[in-house]
Every structure is written in structure tokens, then in C-alpha cells.
Amino acid sequence: LGMGLGFWRSLRAPAWHGRGTSANFSQRVLKRCSSYSRGSVPELGGKRCPEIVAAFENAFLSKDPCQITEEDYQPLINLTQQSIPCGKFLFWSRSKKLAHRYTRQKKEFFTLEDTLLGRLADGLTWCGEKGSPEMNYQSCPHWKEDCAKNPVLVFWVLASRRFAENACGEVTVMLNGSQSNAFSRSSMFGSIEVRHLDPKKVHTLQAWVMQNPGGVSGDSCSGTTISDLKSIINGRNITFICHDVNSLEEICV
Ligand code: NAD
């Protein structure tokens, strides 16, 4: 009757409030994996990619998309171990595009999305369904409206925590000074990454508060959200330094 599988699935599958799985999810993850050649990680090069994609899919396929755990992602994590040099970790909050523009120029710096694990998933959505081997392309749980233990949020919480735990030396965070809250305790950076820096390995957190040229400044190193960040960092026995940055050129030297 012209009603494809998608129609019948939509009667059965719960309608979540978030976007469905990104089109061609597995092919895109495979392609990202194969073309990942950053730094010198030959052991992560092309040949293990089918295994990595399978580990990613197995983390969430056939499972209730509101009951995902960090253990589900353990095999994927194990296959994508990668060491980043001390002093080259770049965190960001509300400044993803600018941070990535920076690491494209300064190739020795790494954001989470410049690691293989982060690169595989950045910008994508994915979820499955209990009792079905398929991905749900119609909808996926939204973290606020449906549930927090969904495949995408569990992934980013875990990836962000591990990225922070691995950080060493002086670490840097790029913050958005055109917003009134350059730092927020409820962001992933404020709620996960800051709390998992290891003071035995990280001696300094440097903040770059990016000012947009000619625009109104919302926040800066002298603002209250940055003093909040400073007190959290100092309370963890890590030195805090802050620079207001007016253009990428200032930090690209
Ligand atoms: P941000 O506010 O710009 O948010 C980044 C993404 O996380 C957005 O998609 C946002 O909707 C989501 N998000 C933010 N707070 C959330 C929360 N409490 N619960 C669920 N989702 C939330 O910046 P941020 O929150 O500080 O996260 C950026 C930092 O965390 C980076 O340092 C990065 O290492 C890591 N991270 C990256 C991604 C990514 O999509 N590439 C996602 C999450 C976290």
C-alpha cells in the first residue's frame, strides 16, 4: 500500500523530542575514521576502522536509548586510545567554531574533536531501539525533554571526562566573551571538564576570553563569571591565568 518500513516503525517506535540518527551514520563514521590522520598515531590508522565503527554501533544498537551506560562505550574507548602531548590540550565553551579554526592553524593543539574519538562523533546524532537491530532515523531522546542517559549525551560526558583526565601541563580553554556568561558552571566545560582536571598533572589553566572585534563585550577576564572560574580552579590547587583576546592572530603567533 506504499507504506514502507519507516511508516510501520513510526507506529511502534516512541517519538522522542530530539533529532533522529544522522543519515548514513555508519558510513560517515567509517569515512571520518579512515581520513583521520592527525598527529602521529599510525596505530589508529585506517585498518582498524571497521572494528571501531562496529564498537561504536554496538554501544547503542538494540538497547533502550534511555538506559545507556559508560560501560557500553568501553570497547570503543579502548580502540581509540590516543596520547596528546602535555601543554597542547584546548578546551572550549560556546566557542566551538573559533576553537576549531584555531586548531586548524595551530596543528599541535588538540580540542576533543581533534582526537579520533571526538572526530568520529562531532555534530552527529545516533540512537537505536530495544528489540530492534536498526538505528532510529526518526527521532532520538532529547537530554532535557526525554532522558539524560541517551547515547549521545552519555558519549560526550564520557569523552569530555576522559579528555580532561588525560590533560597535563598548562591547559587552555577558549571562552566566548561576546556572551554575558563566558564561563558557566552548568556547561560541559564547567560541570565535567573543570572537575576532572588532575592537579597532579595540570599546573595551570589558561583562559582566553575571545572578544569579538567591534562588537559589544559581554564578558572579560575582569567579569564575575571568570572570577567564579578562577576560584574553582584555585580551590583545586591549579594556577589560573586569563587573557582577553581580540583576534585569533594574537594567539596564533
Ligand atoms: P557549549 O555550551 O558550547 O555546548 C556544547 C554542546 O554540548 C552543545 O551541543 C550543547 O547543547 C551541549 N550541552 C551543553 N551543556 C549541556 C548539558 N549540561 N547537558 C547536555 N548537553 C549540554 O560548551 P560546553 O557545554 O562547555 O561543552 C564544550 C566542552 O565540552 C569542550 O571543551 C569539549 O571538549 C566538550 N564537548 C564537546 C561536544 C561536541 O559536540 N563536540 C559536546 C559536549 C562536550
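Guide: Axes are lines fitted to C-alpha atoms, for helices over the stretch in contact, and angles run from 0 to 180 degrees between N-to-C directions. This is a predicted model, in which local features need pLDDT of at least 70, side-chain atom pairs count only at pLDDT 80 or more, and totals for chains, interfaces and linings use all residues. Residues are numbered from 1 along each chain as its sequence is written, and side-chain values use heavy atoms, leaving out hydrogens and water.

Visitor: Why is α2 called oblique to α3?

Guide: Helix α2 (residues 25-35) and helix α3 (residues 49-60) pack at about 140°, with axes 9 Å apart. Under 35 degrees counts as roughly parallel, over 145 as roughly antiparallel, 65 to 115 as roughly perpendicular, and the rest as oblique. The angle therefore makes α2 oblique to α3. Contact means heavy atoms within 4.5 Å; among the residues making it are Phe25 and Val29 of α2 and Ile52 and Phe56 of α3.

Visitor: What makes strand β5 largely enclosed?

Guide: Buried means under 20% relative accessible area (1.4 Å probe, protein chains only). In β5 (residues 202-210), 8 of the 9 residues are buried, so the rest of the structure largely encloses this strand.

Visitor: How do you know that β5 pairs with β6?

Guide: Pairing requires at least two bridges found by DSSP between two strands. β5 and β6 (residues 239-245) have 7, in the parallel sense, so they count as paired. Ala207 has Cys242 in β6 as its bridge partner. Strand β4 (residues 169-176) also runs parallel to β5, joined by 8 bridges, with Thr172 opposite Gln206.

Key:
Buried means under 20% relative accessible area, exposed over 50%, partly exposed in between (1.4 Å probe, protein chains only). Helices (H or I, at least four residues) and strands (E, at least two) are DSSP runs, numbered from the N terminus.
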